[in-house]
Amino acid sequence: MAGRPRFLCGVVEGFYGRPWSMEQRKLLFQWLERWGLNCYMYAPKDELKHRLLWREPYTEHEAACMRSLIEAAHGQGVEFVFAISAGQDMVFSSAGDRLLLQQKLRQGHVRGSLPFFSLLPRDPSSPCPCPQVAAMGCHSFALLFDDIDPCMCQADRDVFPSLAQAQASVANEVYRELGQPSVFLFCPTEYCSSLCSPSPSQSCYLLTLGQELLPGIGVIWTGPKVVSQELSATMLEEVEGVLQRRPVIWDNLYANDYDCRRVFLGPYTGRAHGLVPRLRGLLLNPNCELQANFIPIHTLSSWFQSELRSCAHADHTGMEAAAALGDSQGSQEGSYSPQEALELALLDWVAEINQQALEPGGRTSGHPSISLKGGTRLQSGTAGEQEVTPDPQPHNPLPSGADQHGPEPCGMAPGEGRRKVTSEPEKDGGSRISAGGQQSPTGDGDQLPMGNRESCEPSSALPSAAGSAQSAGTPVATETLHSSGPAMRCSNGANASQNLPLPTRDARTGDGSPPQPPSSTQPEASRADVPQTPPGPEACTSPGPPAPLTDGAGASPGPPAPPTSEEAGSSPMALLTLEEAGSGPLVPLTPKEARSSPPAPVTPKEARSSPTAPVTPEEARSSPMTLLTPEEAGSVPTALLTLEEARSSPTAPLTLGEVRMLVELFYLPYHHGPQAQHLLEHFRWLRANSLSVAVPATATDASRGTQWRGRAQSFQLLCAQICRLHSHFVSSAGRALLYDLHPYLWDIRNMLLAASAFILWLDGHLLCDPDPKVTWGSCFGWCQSIAAPILLGGDAEPWTHRGGLFGELQALLPVGNSCDLFYHPPPLFPSSQLYLLRPLLPPDKGELYRMCRESLDCDPKVADVLAAHPDLLGDRLLGSFLSLSPEYTFVLEDEGGPCGYAAGALCAEGFLRQRDSNWLPAVRQKYPQDLSAGGPALGQDALEEALLFFHAELPAVPLPVLRRFPSLVQLGTAPRVLDVGASRSLAICLLSALRANGSRGVFCQVSATDRQQLSFYGKLGFVALPVALGSSPSAQLLGRLL
């Protein structure tokens, strides 16, 4: 043991996507030193001079940055391994390419004499490498041949009998030229079992490498797969036998560069006890976002320290006994426990998060909450868990007095630890950072050059409307519309002549520097792609405190205990007994009750034993689900802060429960966290049993409907907790953490806004149509392939199931296959506003009409007309929908009241017929045609357009459009709604409701010159329909299939 190099355990920066900045890497070195890890490999795939332009030497400035980085690593006791990936275009038989490779590695190598390439003639204008050699100080290297074409060029085939021999020849030559450094790693092209043909033990490629590579060269391995769920001693024995050396594990467990919707925050797990004696090293290839790696690296350290203690114990008990424990996990006293390691890491992370937020410039303000006249502002607060005080000295998992590198592991041959990078990402994949151009705000001035990677936006996603000025901003469908299609169940009609103006500005930047919050002089810079009415003089836009968040993140909800009769009366969330089910509708929650009554979800056992049993139509109508107001949603299940306390602490620290919920939402590639699993179980059960609350009911067992409503209420409360977590996270997290994790949390928040409202809508609105062609049941059969839970088989990599929790929730919605509906880059300025999305309630009509009225910026003369006829604009925009099709109307609400709507009609043909024959005649009597402000005035155009709509003969929608796109939609939000995610959730919820009841397509009508509306609907997948509307040449029909 005394003569062996230490076991390498640490991190490899080996992902695709934007590389970390120099400052981020230096922060990583501090983490590694603090937790007893000892190695970092520099291998960012998209750093140009690492891979694509590997032949290019570093400039003097780049070399100075690299030297500073190497010194920082050594100063923290971290081994710095410089890797180069030359396999994409290297000619192995070329003396020139071999020389260039040696030059590149020698740039960072320290030796007693001048480097070999410094004696070669060079262009006087090229950067001089000589000063770099003496200054950079790197003495550990890696040569990577992963993710390349295994076919050699003709020149190489003429010289080498196989790819393995060509690569081994190059590696051996470089290794010797560098003086046979103690750390020199080699990544093969077949770097995991799934890439070996037919198996590792029978792979000619690996067998040749094992024979040809010099003994001092370490070989990198990722395990059974690129992203290995488990690593076992048996597997490592097979690899060791083939390679004739112990491998270095490049662990991709947390790599997320293959899916821009996933990040992994869970504990290090799946690695058998006793692996260290069988390895030369283990390096973790983590999330692309540095701040997301606190728990992964922290728990890796706990695993490593546990392994070192086992090795130290084995020195006294014998290596045979230690080897016998190879595949047992957690069975030995003191062995690594992922859950215990997670709890320790959570405590440290909460302290670290809150400490970062207290540092100068550490916190980034989100959008302030905005209230309407007299509307109470939601205040930031926390609840549910005890608050963790920031601790400048987080828990150290190292044993007291331990050396920073720990005891030397037993039976180790010299080596390195490294990984294998994940499979080459597809064009729509890549790092999440590239999706929005955001990364932890740090000093990037010293960043080495990187490739211009594609955004992770799917190819089907519509382009950003930023800077778009075309009047025809929507693609035009060129196919002929046919008058065919199944008959649809018709609801009462709808009006779509005009939609509200939609701003199209995409407030995103391309760099990674943190944006500044919007000032009062540039409010439009933060208003991205939300359907809005024109701002009115009465709309209050003064900033207020950040939106509130009482803690909703407690321990994962568990199976409910049966309530006593006394508890049932005081706990409205408790599920009712069969006897209680017939006693009346569910009792609405008051804020006080909500704070004292956490949700009581149905257990999986209850879900499996509860077949569908619809209630009667009377019960469906008389027992609707309880809707939570924003005030109630912000106060359940428990509140640590009173309203006064929240006002005095708008940015209260994140609690342990909130951080635990964050981790459980984004857990591991093969596993969901407990609360995420609970969320999915609720949604799947509610979907499978949705006919219990459909209409018309087909059974008389009211208990099934009651059970469904209880479970739906539990789901709603869990969604509310996560929405509050998003709001509080934006208010309280530090700048770096916020910009790393907000895009993922924002995605989940948007999905749950739509999912929660859709579940509420199902109660009493889902149609039980006996025709299987138009029922929701057939809809779910249609999307069953993607709706199945993630139960990855033995041969599946995690990227075969895209999106993680977000993707599974998406698949459970009726429009889940329409991926273009669900993608949008996160906002440039994160907003802490707390929203509630729900079906229409009777009191909403007045508030929605007020929103329409206040959104119009008008002259006092027009204001006088509107004061005399306060419902005029509301009737123009929403009146026909609220009168004829209220069951397909959804409301977006913030603390100021309703701030947006999505209205639709299932059968547009019948809706338009009823509008023209019944609704419009009554409205014409209500509003005389001669209403006017008496001359040109601000707002007069809107007034005249409304009167023209009421009194003119409206053009008929062509029959082919109604056959192909049978449903009508219209969306709008108040100017204060700055969060594009909320407006897209409105659209998703409405389209899900229409699809659930059988619609296969929707259309809307906008002005052909309104770029904002065209852009907004275009980003939702609507295309311009090649039809004319008779006497309205300026009107444009947009449609999309569902």
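What follows is a chat about some strands and helices of a predicted model.

Colleague: Before we start, what should I keep in mind about this model?

Modeller: It is a predicted model, where local features need pLDDT of at least 70 and side-chain atom pairs count only at pLDDT 80 or more, while totals for chains, interfaces and linings use all residues. Residues are numbered from 1 along each chain as its sequence is written, and side-chain values use heavy atoms, with hydrogens and water left out.

Colleague: Thanks! How many residues of strand S3 are buried?

Modeller: In S3 (residues 79-85), 7 of the 7 residues are buried. Buried means under 20% relative accessible area, with over 50% exposed and partly exposed in between, using a 1.4 Å probe and protein chains only. Strands are DSSP runs of E with at least two residues, helices are runs of H or I with at least four, and both are numbered from the N terminus.

Colleague: Which residues sit on each side of S3?

Modeller: Glu79, Val81, Ala83 and Ser85 are on one side, with Phe80, Phe82 and Ile84 on the other.

Colleague: And how does strand S2 pair with S3, parallel or antiparallel?

Modeller: S2 (residues 39-42) and S3 run parallel, joined by 4 bridges; strands pair if DSSP finds at least two bridges between them. Val81 in S3 is the bridge partner of Met41. Between S2 and S3 the chain passes through helix H2 (residues 60-75), in a right-handed β-α-β crossover. Right-handed means that, with the strands pointing away from the viewer, the path from the first strand over the helix to the second runs clockwise.

Colleague: What about S3 and strand S4?

Modeller: S3 and S4 (residues 140-144) are parallel too, with 5 bridges. Phe82 has Phe141 of S4 as its bridge partner.

Colleague: Switching topic: is Gln810 buried or exposed?

Modeller: Gln810, in helix H26 (residues 804-812), is buried, with a relative accessible area of 9%. Leaving aside neighbours within four places in sequence, Gln810 is in contact with Met751, Gly816, Cys819 and Phe822, where contact means heavy atoms within 4.5 Å.

Colleague: Last one: how far apart are the end C-alpha atoms of helix H33?

Modeller: They are 24 Å apart, which agrees with the 24 Å that the 17 residues of H33 (residues 980-996) should span. That expected span is 1.5 Å times one less than the number of residues.

Colleague: Why call H33 largely enclosed?

Modeller: Because 17 of the 17 residues of H33 are buried. Just after H33, Gly998 takes a positive phi of about 105°.
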